[in-house]
Amino acid sequence: LGDDDRGTTLWNEFEDAEEETLEEHLEVFNEGRDDELNADNIADMEDQLETAIPAGDGPGTFAWAHDWLGRYHDQEFGYDASGDLSLDLESEFTADAVDAVQWEGHTYGVPYASETVTLMYNPDLVDEPPETLEEMVDIMDDHHDPSNGQYGLSYPPVDPYFVSGYLHAFGGRIFHEDTGELGIEDDEFIEGLELLQDNLWEYVPEDPEYGSQMAPFNDGNAPFAINGPWQVGGFRDAGVDATLAPLPDVDGGSPTPYTGIQVWYFTAALEDADETTFETIMDFAEWYTTNEDVIVDNAERHGLIPVHQEYAESDDLGEDVETFIETVEMGTPMPADPRMDLVFTPLEEALERVFNESEEPAEAMEAAAEEIRGRWD
Amino acid sequence: MSTSFLDRVSSEGQRLLPFETRNLNLFGLLLVAPGVVLFLSFMLFPIAFLVYLSMTDATHAGTIIGGDTNFVGFDNYVDLFTDSQFWTSFGITWLFLAVSLVIKIIVGLGLAMLLTHARVVGKRYMRAIVIIPMGLPAIFIITVWRGMFSGARFGPFNELLATYNSAVSTLAGMVDQALFFVAVSVPEFLLVDLPVSWLSGRWSAFMAYVTTEVWLAYPFMVIIIVSALQDVPMELHDAAKVDGAGYFHRFIHVTLPAVKRPVMFASILTAATSFQQFLIPWIFNAGGPSRQNELLIVYGYREAIELNQYAYASAIMVTAIAFIGLFMWLAVRKGNLAEGVDSA
Amino acid sequence: MIAVVAILANVIGVLTTWAHEKVAWPMRAARTARLTFEQVRTGKRSVWDLAKTVASTVGAIAVLVVLMFPIYWIFAASLSEGAGLMSTDGVFADPSTYNLDAYRWVLFESAFPSALLNSLIVVFVTVSVSMSVVIPGAYALSRHEFRGRKKILYGYVLFTQVGAGLSIATLIALYVLFVNFGLSNNLLVLGLFYAAGAIPFNTWLLKTFMDNIPISYEEAAVIDGASRWQVIREVILPLSKPGIAVVLVFTFLAGWNEFIVAQTLLRPENYTLSVELYALATSGQYDTPWTQFSAFAILFAMPVALIYFFAQSYVESGLSFGGMEG
Amino acid sequence: MARVRVESLRKEYDVGTVVAVDDLNLEIEDGEFVTVVGPSGCGKTTTLRMLAGLEEPTSGRIEIGDEDVTDVHAKNRDVAMVFQNYALYPHKTVFENMEFGLRMSTDLDASERERRVVETAEMMDISELLEDKPDELSGGQKQRVALGRAIVREPDLFLFDEPLSNLDAKLRTTMRAEIQRLQDELGITAVYVTHDQHEAMTMGDRIVILNDGELQQQGAPTEVYENPTNRFVGGFIGSPSMNFIDVTVDQVSDGLRLRDTDGDFSFTLSAAYATANDAALGMDRYTLGIRPENVSLADGQPQNAITAGVDVVEPVGSDNFLHLDVGPEFIARVPSDVDIESGDHISITFDESDIHLFDMDSGAEILGHDQESQPATAP
Amino acid sequence: MARVRVESLRKEYDVGTVVAVDDLNLEIEDGEFVTVVGPSGCGKTTTLRMLAGLEEPTSGRIEIGDEDVTDVHAKNRDVAMVFQNYALYPHKTVFENMEFGLRMSTDLDASERERRVVETAEMMDISELLEDKPDELSGGQKQRVALGRAIVREPDLFLFDEPLSNLDAKLRTTMRAEIQRLQDELGITAVYVTHDQHEAMTMGDRIVILNDGELQQQGAPTEVYENPTNRFVGGFIGSPSMNFIDVTVDQVSDGLRLRDTDGDFSFTLSAAYATANDAALGMDRYTLGIRPENVSLADGQPQNAITAGVDVVEPVGSDNFLHLDVGPEFIARVPSDVDIESGDHISITFDESDIHLFDMDSGAEILGHDQESQPATAP
Ligand SMILES: Nc1ncnc2c1ncn2[C@@H]1O[C@H](COP(=O)(O)OP(=O)(O)OP(=O)(O)O)[C@@H](O)[C@H]1O
Ligand SMILES: Nc1ncnc2c1ncn2[C@@H]1O[C@H](COP(=O)(O)OP(=O)(O)OP(=O)(O)O)[C@@H](O)[C@H]1O
Ligand SMILES: [Mg+2]
Ligand SMILES: [Mg+2]
């Protein structure tokens with residue numbers, strides 16, 4: 001029943017397909033090892049880690065995007081593995097990826113992939129992917145007819161991660177990582193928001209919730225979606241041949257989406273861990289991030305973009321990954337500053353107010369900025 | 001023999017066993033003790049810990065466990081009571097409680113009366129069906145209701161309104177056809193502007209919470225009121241009929257007084273649950289829009305989990321628990337709920 | 001062992017009678033319909049009178065249909081193809097595509113069976129522990145005088161409804177305590193925790209019920225020579241059946257439905273159905289596989305619905321809060 | 001105040017499988033006090049409820065005050081009913097209980113209503129209780145309030161459904177007198193249901209006896225007592241019950257001899273008597289009925305003396321009841337000063353004019369003699 | 001089968017503010033059937049419960065079969081009790097109900113228990129009911145089962161608490177006889193509580209009358225009926241009640257004249273009588289008591305004739321009760337063939353040997369004459 005003794009575990013919150021792949025890889029990894037590593041799929045992992053790690057009950061490692069790094073550093077949830085890794089990160093991974101796992105000189109994990117959102121279109125409705133936003137708007141306009149269930153676009157409209165590409169299009173940034181300042185009141189940022197408002201929000205379902213947004217494209221009733229690799233399988237299972245394309249260009253700017261580097265985090269649990277556990281975790285992290293089969297499987301099956309230098313530029317990982325790579329190159333890594341934690345919720349709420357037309361962009365951003373600064377203090 | 005047989009039986013029932021007086025304390029105590037101990041050990045301990053936390057400066061979970069906290073006295077409470085968000089939360093929580101309670105009572109009473117009505121055939125089976133919401137997991141139900149209230153044009157409620165709109169238009173069209181010499185167009189105010197963004201307006205979101213809360217809680221109301229209604233002596237209705245009372249007056253003068261206490265009892269219980277409602281606002285729109293509908297527990301949860309202010313969150317939770325306690329205490333007092341306590 | 005078999009046999013016996021009773025209704029309905037028709041034909045019952053009955057019944061059914069819409073919606077969703085509850089193609093999926101794949105998936109491919117086992121363990125602990133403290137407690141509070149009795153009753157009443165919100169409020173505190181005592185990720189302890197939370201309300205409920213059992217039954221038994229325990233076993237327990245049924249339903253629900261604490265305390269190998277259901281809803285960071293989720297939820301709710309259905313008459317009479325009228 | 005006519009009233013329950021009242025015909029005069037009596041389940045309550053409009057008759061007609069009310073709803077009939085368990089509204093004070101009917105069925109204004117309630121309360125001697133709730137009252141007080149509630153409305157018709165059966169013997173006697181006095185005073189037509197034949201006899205101007213939903217007999221109490229039309233009525237009315245013995249009839253020289261099967265019992269009817277009742281006496285088997293108070297000790301007189309063993313002597317103070325071994329439950333009532341003990345053997349007799357003879361199959365009385373007063377009506 | 005002795009038994013409730021039973025002394029012989037009667041709240045149930053062991057006496061002693069059981073727990077006393085509402089275990093069949101006591105208080109094996117239950121069931125004529133649950137039974141059947149449950153245990157002592165008060169009149173009569181027959185047959189000591197004096201009188205070998213927790217009188221039923229020791233007993237025993245008139249005493253030439261205040265009533269005691277009771281007749285004010293059946297029509301005889309108006313004539317079949325205006329509720333019982341109607345004026349009288357005189361203050365009977373049989377014991 002309640003035995004804690006499941007050997008060494010890692011945590012993840014993967015979707016089913018990803019989890020299956022992970023299990024396959026683990027089987028390979030565990031072959032011949034005395035101390036087997038097991039994967040736990042945790043619902044609501046963020047909250048669970050929040051309690052488990054300080055209680056000394058957490059896993060040695062878990063998979064998540066790099067944006068928690070700063071917070072983990074501050075809260076002493078992370079384990080600095082700089083002295084323990086046999087890998088030379090700089091020589092193995094892309095520069096962005098190496099940056100992503102380090103915070104103030106500490107290394108809190110090993111990167112294994114990067115991901116972002118990009119354009120997807122339904123070839124039954126669209127012949128050629130649009131190059132520019134204007135072209136895209138024209139096509140969306142043709143199809144958009146909510147009272148008959150037809151929409152132009154499936155796109156979670158107020159989730160900062162999804163919409164960051166266009167918010168950043170004119171050079172604005174949610175957060176200036178270099179200066180540590182909030183950018184949502186900048187004119188460039190407001191301009192990006194207005195672009196979003198005028199061109200894209202017109203064509204998405206009126207409900208910003210993720211499930212509602214997916215419906216039109218999923219049902220074959222929308223020509224476009226903007227989404228990440230995790231959703232591609234779902235669309236295709238539903239019978240829509242979702243085809244990828246880079247984010248369309250913007251007149252007078254360029255879309256710059258946030259990209260996430262997927263990281264195997266090292267947690268504070270490693271500090272007290274016994275030697276075998278420690279070794280297993282380290283071995284796994286290094287193995288997983290450098291093993292060719294893993295990298296290729298992840299790329300081919302799940303559209304995860306390699307961050308290992310050898311594969312990052314590779315051409316034979318399939319079209320999907322190539323498109324994602326193209327978009328990632330347009331993008332910018334999410335800031336891992338702990339203060340980001342306090343940014344997203346107010347920002348999302350402000351965006352929602354604008355989406356609902358209950359507030360003007362500038363006012364909404366001003367209010368959000370005020371709230372965020374209030375919390376920072 | 002001055003009382004009726006039934007009265008005698010029930011008053012006898014209220015009596016304590018007299019022949020136990022010789023070795024009184026021990027046996028009774030022995031029987032209740034395990035329950036009390038179990039309850040206290042699992043419930044009182046955490047509450048005490050929470051109260052302690054609320055007087056420290058704990059931020060995230062690590063600080064609590066690591067013991068890096070300092071005792072700060074009532075600072076958190078002072079902050080809390082000067083925080084406007086707290087008062088918004090507090091107000092909306094009571095409003096939520098009151099509005100949903102009133103609707104719950106009306107719905108529960110209506111349903112219970114319908115499902116005990118002499119002319120309804122198969123009411124036992126209907127009663128078995130009507131309580132289904134009680135057995136479904138709350139997260140699931142709430143997620144489904146979130147879907148129903150989708151602001152999208154294709155959300156169920158919006159579809160329903162669309163059907164209504166087209167029915168109105170069709171009707172107007174028919175009138176138009178019939179009276180070809182007058183051009184009838186549908187009056188604006190009869191049509192609903194679609195789609196309605198249920199969850200993005202403060203009050204429409206609030207009503208969505210209320211609807212869902214009512215749906216979750218009405219089964220409890222219904223079974224309690226059904227039980228009560230079945231205990232109303234038929235003769236009282238007969239007496240009222242003979243006295244010349246119609247359906248409405250019988251409802252006011254016979255049915256209502258008879259179910260008053262059970263309804264009050266059920267109300268107190270569900271009101272206390274409403275006060276602690278967390279999942280509905282959290283799943284619907286996290287207490288939005290713009291934290292305007294953040295019920296107390298949501299407020300506390302957000303402060304703790306999202307904003308890593310555990311001490312502050314603890315102060316919120318302690319306040320919430322204190323209010324539930326106060327509420328229950330008052331209800332028990334005023335509602336004579338403790339009759340079971342006082343008279344026994 | 002023999003006792004267990006006897007109890008099982010008893011339960012099965014009762015269940016079959018119930019089932020029989022519940023299932024016999026089509027025959028009864030047919031007979032009533034025939035006789036009613038006969039009466040109307042022979043003029044013993046006016047058509048108008050019959051029409052009023054039909055109208056009321058149809059009205060009640062209509063209300064029921066409206067109320068049960070969400071249930072119907074998810075039921076349709078669980079049968080449909082694809083992943084969405086929401087669809088731009090209409091509120092209900094195309095009936096021609098209905099299939100049982102989601103149920104097959106839940107039963108044979110998902111974690112449902114193992115989670116079911118976990119849930120059953122938890123619920124078993126919750127129900128058996130709370131029953132074994134609630135019944136004696138309620139009996140003592142109803143029938144015996146002892147020091148602190150009123151205080152305990154008062155405390156119980158105050159705490160009847162604090163449980164639900166309290167567990168969210170004290171989640172962290174709870175977790176820390178559990179971990180410190182090495183009790184996290186333990187199904188038995190979780191069951192115990194639920195049992196503890198269920199004590200005040202259910203004790204009080206059962207006590208009110210027992211207050212209405214005439215004391216003369218006990219006196220009769222005492223005069224018949226029964227000892228204290230014999231009185232309880234032979235008289236009080238059988239007579240409290242409806243009240244106990246209510247308590248059973250409520251404690252079962254307490255153990256079955258809760259998920260916030262369960263999720264915090266348990267690790268995946270010990271996930272109960274409710275946590276597994278939540279995990280399904282949030283599997284991946286964005287998407288909910290609605291068909292599977294709905295099928296899962298419907299199967300999850302099935303035991304509760306069944307238990308209630310069979311215990312209905314008991315529950316309805318057990319909840320009558322005697323002494324509360326007037 | 002009204003006449004009541006009931007015509008071929010019938011009530012079925014459970015879609016026709018239970019016939020609670022079967023082809024009942026009644027006529028009640030204005031101001032009359034009619035008691036309805038019969039064993040449990042005979043349809044008394046059902047009849048009353050149909051009169052009140054609480055139950056719809058399956059067929060038949062009801063007229064109250066020359067108006068056909070068969071299809072009139074209870075609330076529109078001007079009747080008042082006193083229920084067995086009082087059915088006082090538990091949440092209303094005595095005043096409110098009494099006022100409720102006035103408020104619902106009349107358009108009197110508040111002060112007028114109050115006046116009437118207070119007046120009635122005085123009449124019923126419950127003035128000090130007006131502010132109390134029903135459960136603060138004793139049984140007798142509740143009973144009075146229930147009566148008051150009915151009286152205050154001054155209805156066309158009073159209906160009482162076993163109003164005294166929850167009271168103890170002493171209180172019952174008092175209330176009985178009170179109800180009679182009130183009805184007398186107010187002169188309102190009343191139908192009073194009871195299962196206590198003593199109550200029915202002492203209270204009613206007329207007594208109606210039901211059994212199995214069917215009318216058995218109606219008439220003035222003494223009438224019914226003296227001339228029961230069938231064995232059921234004979235046995236039901238009177239306490240202790242009429243004694244019954246199954247007898248065969250032999251023609252003997254000086255009249256007809258009645259004998260029971262084992263020959264313990266033998267009684268000879270005089271020739272004169274036999275001739276007088278010649279038309280009726282056609283069969284050779286009867287059930288003989290004789291009331292306990294008509295059985296007397298045969299003080300030495302040998303004519304028609306029956307020897308009997310005394311099983312039990314039941315003293316009731318004023319008299320003694322002797323349980324005799326003549327037949328099953330054969331009782332003789334003798335004055336309490338007669339000195340007989342159980343185990344004694346005594347000799348009893350009775351007057352031939354006191355006997356009743358019933359058809360053994362149908363139970364019908366076949367003599368119908370000594371009907372000096374108005375004839376009792378059979379259904 | 002046992003003697004029962006109760007010595008200065010006292011029971012207080014609510015820390016002494018309510019005295020339910022006050023200094024009660026009783027002795028019950030082996031096999032005796034004692035009925036306890038009294039108005040509601042007089043302490044009958046309390047007494048019975050103390051005998052059963054359900055209530056602890058505040059002071060006093062209880063002996064059953066020469067054993068002091070005052071401190072013995074109910075389950076260890078070998079008594080059986082029949083409760084007013086039967087208290088049949090609703091979840092057990094009739095068989096199980098009857099067997100339960102045997103199972104708990106004896107170590108008979110299952111087959112032996114079954115034999116005894118079946119035997120008793122046959123005796124009680126409930127054999128076909130053995131598999132039924134209590135709520136499938138009618139009132140009379142329940143009553144039989146409750147009796148059977150008590151009988152099957154063959155206890156030392158039977159206690160009955162108003163066992164018949166929920167039955168209707170006919171059934172009550174039948175059950176009464178049945179209980180008596182059984183007790184007679186089994187010879188088990190029995191204490192039978194009732195508030196119905198008629199029941200108490202017909203059933204008991206001895207009757208015990210309580211009021212306000214105090215013993216008023218005990219003795220054979222006829223004894224108590226004929227020689228009530230105080231006004232309470234006189235009024236309580238007998239139906240209709242004894243008539244009471246407050247009188248003043250004047251010495252007149254030929255004896256003592258009793259007159260009521262307004263002078264309507266006047267009765268002269270003969271000199272012989274006055275002399276015989278000289279010792280007792282010391283005061284000048286008394287309450288005179290005379291039973292309805294002792295009041296007779298003064299057929300022309302002028303001596304001690306009292307003229308009275310007839311308010312109501314209540315026919316009860318065998319007799320008529322005349323409500324006379326001589327005093328409040330003054331009733332005369334006359335044969336039903338006497339032709340008197342309400343409104344008539346008649347002349348009544350009674351025998352001086354039938355009157356009772358009570359002290360107006362204490363209520364005590366002061367004559368105590370015609371006590372041929374054993375003297376009634378006052379407390
Ligand atoms: N609502 C009902 N449904 C079915 N049968 C009924 C109903 N009401 C009465 N009956 C049946 O009708 C018959 C007459 O019942 P009713 O209540 O009139 O008897 P009653 O003479 O008043 O008896 P009691 O003296 O016990 O009150 C009984 O056989 C009873 O079972
Ligand atoms: N448990 C108790 N607590 C307080 N007072 C009591 C209790 N039981 C009885 N009494 C009081 O004691 C007195 C005698 O009660 P008891 O029940 O013996 O009367 P009773 O003669 O049986 O009356 P009834 O004919 O109504 O049954 C009453 O005044 C009653 O109020
Ligand atoms: Mg009736
Ligand atoms: Mg009593």
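This is a predicted model: local features need pLDDT of at least 70, side-chain atom pairs count only at pLDDT 80 or more; totals for chains, interfaces and linings use all residues.
**Two ligand sites and their surroundings**

The side chain of D:T46 has an N or O atom 2.4 Å from an oxygen atom of ligand 1, and a polar backbone atom of D:G43 is 3.0 Å from an oxygen atom of the ligand. How much of ligand 1 does the protein bury? Taken alone, ligand 1 exposes 640 Å², and the protein buries 62% of that.

The shell around ligand 1 includes D:S40, D:G41, D:C42 and D:G43, together with D:K44, D:T45 and D:T46. In chain D, β2, residues 18-28, and α1, residues 44-52, each supply at least two residues of the shell. The largest share, three residues, comes from α1(D).

Now chain D as a whole. From UniProt, in an unreviewed entry, we have "domain: ABC transporter" for residues 4-237 of chain D. That span of chain D is 37% helix and 26% strand, and the C-alpha atoms at the ends of residues 4-237 are 25 Å apart. Counted over chain D, there are nine helices and 20 strands. Along the principal axes, the C-alpha atoms of chain D fill a box of roughly 80 × 45 × 35 Å. Of the 379 residues in chain D, 56% are buried. The accessible surface of chain D is about 15100 Å², and carbon and sulfur atoms account for 43% of it. On contacts in chain D between residues at least 6 apart in sequence, 66% join residues at least 24 apart.

Next, ligand 2. Which chains surround ligand 2? Residues from chains B and E do, so the site is shared between chains. There are 13 residues around ligand 2, and those that come nearest are E:S40, E:G41, E:K44, E:T45 and E:T46. By class, the shell has five nonpolar, five polar and three charged residues.

The polar distances at ligand 2 are as follows. A polar side-chain atom of E:K44 is 2.8 Å from an oxygen atom of ligand 2. For E:T45, an N or O atom in the side chain is 2.4 Å from an oxygen atom of the ligand. For E:T46, a polar side-chain atom is 2.4 Å from a ligand 2 oxygen atom. On its own, ligand 2 has 630 Å² of accessible area, of which the protein covers 71%. The elements giving two or more residues to this shell are β2, residues 18-28, and α1, both of chain E. Helix α1(E) gives the most, with three residues.

Staying with that helix, α1 of chain E covers residues 44-52, and eight of its nine residues are buried. Those are E:K44, E:T46, E:T47, E:L48, E:R49, E:M50, E:L51 and E:A52. After α1(E) comes E:G53, with a positive phi near 95°.

On to chain C. An unreviewed UniProt entry annotates "transmembrane region" over residues 54-75, 115-141, 153-181, 187-206 and 293-311 of chain C. I'll take two of these. Residues 187-206 of chain C are 100% helix and 0% strand, with end C-alpha atoms 27 Å apart. Residues 293-311 of chain C are also 100% helix and 0% strand, and there the end C-alpha atoms lie 28 Å apart.

How do the chains meet? Eight pairs of chains touch, and chains B and C have the most contacts among them. Chain A and chain D have no contact, with their closest C-alpha atoms 52 Å apart. Chain A and chain E have none either, and there the closest C-alpha atoms are 40 Å apart.

Last, one residue in chain A. A:F278 is in helix α12, residues 275-290. Why does A:F278 count as buried? Because its relative accessibility is 17%, and the cut-off for buried is under 20%. Leaving aside residues up to four places away in sequence, A:F278 touches A:Y79, A:D84, A:L270 and A:A273. A:E194 is 84 residues from A:F278 in sequence, and the two are 50 Å apart in space, C-alpha to C-alpha.

Terms used: Residues are numbered from 1 along each chain as its sequence is written. Chains are lettered from A and ligands numbered from 1 in the order in which they are written. Side-chain values use heavy atoms; hydrogens and water are left out. A residue is near a molecule or strand if one of its heavy atoms lies within 4 Å of it. A polar contact is a pair of N or O atoms within 3.5 Å; within protein, one must be able to donate a hydrogen and the other to accept it, and residues adjacent in sequence count only if both atoms are side-chain atoms. Accessible areas come from the Shrake-Rupley method with a 1.4 Å probe; for residues, only the protein chains shown count as cover. Helices (H or I, at least four residues) and strands (E, at least two) are DSSP runs, numbered from the N terminus. UniProt positions are given in the numbering used here, feature names are shortened, and annotations may be inferred rather than shown by experiment. Buried means under 20% relative accessible area, exposed over 50%, partly exposed in between (1.4 Å probe, protein chains only). Contact means heavy atoms within 4.5 Å. Ala, Val, Leu, Ile, Met, Phe, Trp, Tyr, Cys and Pro count as nonpolar, Asp, Glu, Lys and Arg as charged, and the others, Gly among them, as polar.
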